[in-house]
Amino acid sequence: MVLNRLQQLAHHVTATAAPPHPFDPLTSAEIDAVVAIIRKEHGALHYNAVTLYEPRKAEMMAWVANPETAPRPVRKADIVAIAPGGKVYDGVVDLESNKILEWKHTPDVQPLITMEDLQEVEHVVRKDPKVIEQCGIIGIPPEDMHKVYCDPWTIGYDERFGSGVRLQQALMYYRPHPDDSQYTYPLDFCPIYNAETKQIIHIDVPPVRRPINKAPPNNYHPASIEQEGGFRKDIKPIHITQPEGVSFEVKGRTIEWQNWSIHVGFNYREGIVLNNITFNDKGNVRPVFWRLSLAEMVVPYGNPEHPHQRKHAFDLGEYGGGYMTNSLSLGCDCKGAIHYMDASFVNRAGASTVIKNAICIHEEDAGILFKHTDFRDESIVVTRGRKLIISHIFTAANYEYCVYWIFHQDGTVQLEIKLTGILNTYAMNPGEDTKGWGTEVYPGVNAHNHQHLFCLRVDPNIDGPNNTAFQVDAVRGPGEVGSAENKYGNAFYAKKTKFNTPREAMSDYDGSTSRTWDMANTNKLNPYSKKPVSYKLVSRDVPPLLPKEGGLVWKRAGFARHAVHVTKYSDDEIHPAGRHVPQTSGEPSQGLPAWIESAGSDCSIDNTDIVLWHTFGLTHFPSPEDYPIMPAEPMTLLLRPRNFFDRNPVLDVPPSYSRTPTQVASGAGACGCKKSDGSSVLVTRRTTQSIGFQSFNVYQSRGQGWLPLIKAGDVMVENLTPSGELRRGDASMRDLKTRLTADVKKALVGVIADLPRTAFVDYYGYTRKVADHGKIYDNVSNEENTFSPDGSDTRPGRKGVTTEDC
Ligand SMILES: [Cu+2]
């Protein structure tokens, strides 16, 4: 039977579908096949993870370079399973030969806690007599135990229990009504749950008891908002449409968009993984990054009172950013024309499961890409940009993390993370002093200080795998004021410090020097700057790890000790807090510190295959505005091409509007703002520098091109300051209204406000009517400007304005 099924699956995988790209996550069929192979040899197990065993880089690079002739990397699976009795097994299965390549018992580790693991704790807690007793002490009668809830967390590390037994800590809450937010009613005690025996083995009870909060509920669901006066009614719809479809192309899981090519992977730990990122530079496909992912995070809380030191969740390593990912929906999570990708995982019993729409891929308008107006003559170029966003959102108990990988047309990669969801809360008595470790965000609700620290793993491939990392600081030039070399003291420059070794590369953020880090290919120089082609990490939300050196979090979260670490590439170094994170003591520290030690902290990382690890994030001192649910707080970082291209790489993006000096001189080209009656009015400025006056052109459009309403010379501004205030900035209505002399302002406001009915201008101190109910007057001045009745310019050499309304 089993063999039959295996053959069927193998057939399904190899014959009915195109073979998966070697970077593709395991399909549901592949997961089922893997489990069948293991089950045959090892019987019933609890599956913790069945995920892609990523192809070794050397063979994968060879295949990417030459897919026709190089051997295709074999599909393999990476397995974590737990046998009865809690024995943990790590294994690798070959999906082509259907063989188990590796299978080993790993003692004294605890694999991450899955959603299934978490779900079972609440039922146990509600029935436990010791928990019922504690509830009674703080005012919850036994018949109300169905109103008691818990957010199970990994225990972090508790020296009393060690790593041998698989544990969770239950952060306790109460809901007066099922729809009430439980975070307003935190309970003051913390049961410890043994996942193997499914028992509460201990309860941490604080020395000072805190009876259940008596404050009214503080909710965010619609019914409660309706009760409090309802939703605001002044929001009009915004429709985002792409009537001709999207500008990206999806080939399997490879996205091609605006010169970029990106393979989009996904796994249970990191969530989105971006591989083999290249940029087509005018026909030359240039490698940029081999692999980008959010590899780990830690959320240390700052209250030193026991047992709150245990609150320092490694949300990726202890729960899995992929496992916790949301199924996204159109119009809510993402707007526009969306391409979704699903995610396949294994469940505890060994069956494949699917999260539909786990990844959202779409384009958004990105505002102005570049713009310039020549102050002399109003010649202008303005080009709008767009961006490609690859995103997923995961829910870590109370918090939501929205992860956006954003690609820009100019070669920039941006990672944006939005924090939302609900604060982790703890009970407090009326009038209790939070001692600075937390904030009373609502009566009886203490939200503790904490940090959200993320570790970005960057495997650079800047024109090839041999790269070098630098720290770049903006510093003052040497020499005191008055010295020959820096007489006026104004010298400053970009100080580049090469990282020769992992030890040198352990670096911290310094806002006072605008510190950035370069990943460069020193074998290739930019022809103009003579500097190596590079990508710069620009990241400014970089707090230091606040838990102290030698402390529990510092030991467990070794990756967070510095803003940047750089290591020599090694295939198995993916998870910077270690492969199995729950209940690690940090002695010795796993992951990054261990790798650096074993490779030698003085080994060379110059001009070789390197990985840059960047820890960034924010320190969160909660406030009432964050409660009962947090407005999303964004943070962002950029990977920017520097000396990578020979010139601005987006000049070939079609402009939204452009007008050269020659076009300006011939009266062609304009761009205006719409009036409510459907017509548009444009006011442009013309400088008559010889006499220090400013004149304005006023055009009107009703959707059929711009017609001159008042031409040069009709509106004059006298006494222009020598600094030329009016010549700076753009000629927007705002400028015209705020910077002109009162008379001219009045005249222009009249023009703008009354079109197409009447228009007045101030001409050499006289107010003249130039238009009335659409009819434009001739000869408003004694100068050359004459207008035909239809408003077109009849002056010799002026053929009217042809540019369309934009
Ligand atoms: Cu926070």
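Predicted model: local features only at pLDDT ≥ 70, side-chain atom pairs only at ≥ 80, totals over all residues.
**View 1. Asp315 and Tyr399, the positions listed by UniProt for "active site".** The listing of Asp315 and Tyr399 under this feature comes from an unreviewed UniProt entry. When neighbours within four places in sequence are left aside, Tyr399 is in contact with Leu419 and Gly421.

**View 2. The largest nonpolar core and the surroundings of Leu612.** This core has 154 residues, and those with the most contacts inside it are Val34, Val50, Ala469 and Leu612. Strand β13 (residues 284–300) contributes the largest share of the core, namely nine residues. Apart from neighbours within four places in sequence, the contacts of Leu612 are Val458, Pro460, Ala469, Trp517, Met519, Val564 and Val566. In soluble globular proteins, nonpolar side chains tend to be buried together.

**View 3. Helix α11 and the elements against which its buried residues pack.** In helix α11 (residues 592–599), the buried residues are Leu592, Pro593, Trp595 and Ile596. Because these residues cover an arc of only 165° around the axis, they lie on the same side of α11. The buried residues of α11 pack against α9 (502–505), β28 (564–568) and β29 (608–620). Gly600, whose phi is positive and near 95°, follows the helix.

View 4. The four strands are arranged in the order β1-β2-β3-β4 with antiparallel pairing. Strands β1 (46–52) and β4 (99–105) are the edge strands, each of which pairs on one side only. On average, neighbouring strands of this sheet are turned by 15° against each other, direction ignored. Strand β3 (residues 88–94) pairs with β4 in the antiparallel sense over six bridges, and Gly91 stands opposite Trp103 in β4. Helix α2 (residues 28–42) lies across β1, β2 (76–82), β3 and β4, and runs at about 55° to β2.

Conventions: Residues numbered from 1 in each chain as written. Core = buried A, V, L, I, M, F, W, Y, C linked by C-beta atoms within 7 Å. Buried ≥ 20, exposed ≤ 12 C-beta atoms within 10 Å, placed from the backbone. Helix = DSSP H or I, 4+ residues; strand = E, 2+ residues; numbered from the N terminus. Contact = placed C-beta atoms within 7 Å. Arc of directions from axis to C-beta. Pairing = 2+ DSSP bridges. Axes fitted to C-alpha atoms, helices over the stretch in contact; angles between N-to-C directions. UniProt positions renumbered as here; feature names shortened; annotations may be inferred.
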